[in-house]
Amino acid sequence: MPDSSGKIVGVPVFKQNTDEVKAATILYNFESKKGEISGIVTRQGEGYILGDTVIKTAGDDYFIKSGRYTTCDAEEPHFYIKSDKLKVIKNKQVVTGPANLYIEGIPTPLAIPFGFFPNKRAEVQV
């Protein structure tokens, strides 16, 4: 929420089992166990995923729109693979649609039609 000066203070935190998610906004239905998250940064196995809009399914899978996958732990990653569509399958893998490699925010000509990244350990951190 904004404080008296208009600066945003604190972010919503959602905990379920061993998962913890911090994001700009979180909408969650406790009955269906589905949710919508915006402005998320998560750690999935050896990499990090940043996403603008995230849909969480009841099966603990995540669908991410405008997502970035990286192994860089900087707040603003130096390099990442950007895709309009990502799917995170808990304890299995991260799957992307068509994607480009970005270095320092600049797209490179290196593109892939799809990607599979291992997700051995589902650990969510910010």
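A residue counts as buried under 20% relative accessible area, as exposed over 50% and as partly exposed in between (1.4 Å probe, protein chains only). Tyrosine 80 is buried by that rule, because its relative accessibility is 7%.

This is a predicted model, in which local features need pLDDT of at least 70, side-chain atom pairs count only at pLDDT 80 or more, and totals for chains, interfaces and linings use all residues. Residues are numbered from 1 along each chain as its sequence is written, and side-chain values use heavy atoms, with hydrogens and water left out.

Start with the rings. Phe, Tyr and Trp (its six-membered ring) pair if the ring centres lie within 6.5 Å; planes under 30 degrees apart are stacked, over 60 edge-to-face, the rest tilted. The whole structure holds four aromatic pairs. In one of them, tyrosine 28 and phenylalanine 30 sit edge-to-face, because their planes stand at 80°, with centres 4.9 Å apart. Tyrosine 28 is buried at 19%. Phenylalanine 30 is exposed at 64%.

Tyrosine 80 and tyrosine 102 are stacked, with 5.2 Å between centres and 10° between planes. Tyrosine 80 belongs to strand 7 (residues 79-89) and tyrosine 102 to strand 9 (residues 99-103), so the pair ties together parts 22 residues apart in sequence. Strands (E, at least two residues) are DSSP runs, numbered from the N terminus. Tyrosine 102 is buried too, at 17%.

Now turn to arginine 68, in strand 6 (residues 62-70). Arginine 68 lies over the face of tyrosine 80, 5.0 Å from the ring centre. For Arg, this requires CZ within 6 Å of the centre and within 35 degrees of the ring normal. Arginine 68 is buried, at 18%.

Note on methods. Helix = DSSP H or I, 4+ residues; strand = E, 2+ residues; numbered from the N terminus.
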